[in-house]
Amino acid sequence: MNERSPDEPLFTRKSPFNLPADYRLAFRELGLSIGLQAIDRLQGLIDQHPGVFKKKYDIHSRIRRLMDYCHLRELINTFWLERAHRESGSWTEHRDINMVMLDSLSPDGYLSPL
């Protein structure tokens, strides 16, 4: 049996990524994917401007912990790019927001400075 850490977020402990498309919400998962893509960029900003991100805010350890979940980006994006999953009821019921959130595959509009 694959033991999970009690510190692991409940979201991943419940293994929602093993459920079929009808039991998942694409817009929620794709929003997570966008956020996870931002982690790499945030780490880059921290490295470029260490004085702005002082150690007292503990952002360094938080970013390191979040990076442990960056592998979920590919899992989420690959799942929802499959046509059969986009034909599920959970996709079609929320088609408009799901299509907007599918932009997480190229998040520059969300993550680039204005």
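This is a predicted model: local features need pLDDT of at least 70, side-chain atom pairs count only at pLDDT 80 or more; totals for chains, interfaces and linings use all residues.
A crossing of two helices is left-handed if the near helix is turned anticlockwise from the far one by less than a right angle. The protein has 114 residues, and 31% of them count as buried. Its secondary structure comes to eight helices and zero strands. Read from the N terminus, the elements run α-α-α-α-α-α-α-α. Among contacts with a separation of 6 or more, 66% join residues 24 or more positions apart.

**H2 against H3**

- Helix H3 covers residues 59–67, and its axis comes within 10 Å of the axis of H2.
- Sorted by class, the contact of H2 with H3 has eight nonpolar, two polar and one charged residues.

**H2 against H4**

- Helix H2 spans residues 26–48, and helix H4 spans residues 72–81.
- Their axes come within 9 Å and cross at roughly 145 degrees.
- The crossing of H2 and H4 is left-handed.
- On the H2 side, the contact uses Ala 26, Glu 29, Leu 30, Leu 32, Ser 33, Leu 36, Gln 37 and Asp 40.
- On the H4 side, the contact uses Leu 72, Arg 73, Ile 76, Asn 77 and Trp 80.
- Seven residues of the contact of H2 with H4 are nonpolar, three are polar and three are charged.

**Aromatic cluster**

- The structure holds two aromatic pairs.
- In one of them, the ring centres of Phe 79 and Trp 80 are 4.9 Å apart.
- The planes of Phe 79 and Trp 80 stand at 85 degrees, so this pair is edge-to-face; the cut-off for that class is over 60 degrees.
- Ring pairs link Phe 79, Trp 80 and Trp 91 into a cluster.
- Phe 79 counts as buried because its relative accessibility is 14%, and the limit is under 20%.
- Trp 80 is buried too, with a relative accessible area of 0%.
- Arg 24 lies over the face of Phe 79, at 3.6 Å from the ring centre.

**His 85**

- His 85 lies in helix H5, residues 83–86.
- His 85 has a relative accessible area of 17%, so it is buried.
- Leaving aside neighbours within four places in sequence, His 85 is in contact with Ala 21, Phe 79, Trp 80 and Trp 91.
- Three of these partners, Phe 79, Trp 80 and Trp 91, form the ring cluster.
- His 85 and Ala 26 are 59 residues apart along the chain, and their C-alpha atoms are separated by 9.4 Å.

**Ser 88**

- Ser 88 sits in the loop between H5 and helix H6, which covers 89–92.
- Ser 88 counts as buried, at 8% relative accessibility.
- Not counting residues up to four places away in sequence, Ser 88 touches Ala 21, Asp 22 and Trp 80.
- Ala 21 and Trp 80 are partners of Ser 88, and both are also in contact with His 85.

Note on methods. Residues are numbered from 1 along each chain as its sequence is written. Side-chain values use heavy atoms; hydrogens and water are left out. Axes are lines fitted to C-alpha atoms, for helices over the stretch in contact, and angles run from 0 to 180 degrees between N-to-C directions. Helices (H or I, at least four residues) and strands (E, at least two) are DSSP runs, numbered from the N terminus. Contact means heavy atoms within 4.5 Å. Ala, Val, Leu, Ile, Met, Phe, Trp, Tyr, Cys and Pro count as nonpolar, Asp, Glu, Lys and Arg as charged, and the others, Gly among them, as polar. Rings of Phe, Tyr and Trp (its six-membered ring) pair if their centres lie within 6.5 Å; planes under 30 degrees apart count as stacked, over 60 as edge-to-face and the rest as tilted. Buried means under 20% relative accessible area, exposed over 50%, partly exposed in between (1.4 Å probe, protein chains only). A charge sits over a ring if NZ of Lys or CZ of Arg is within 6 Å of the ring centre and within 35 degrees of the ring normal.
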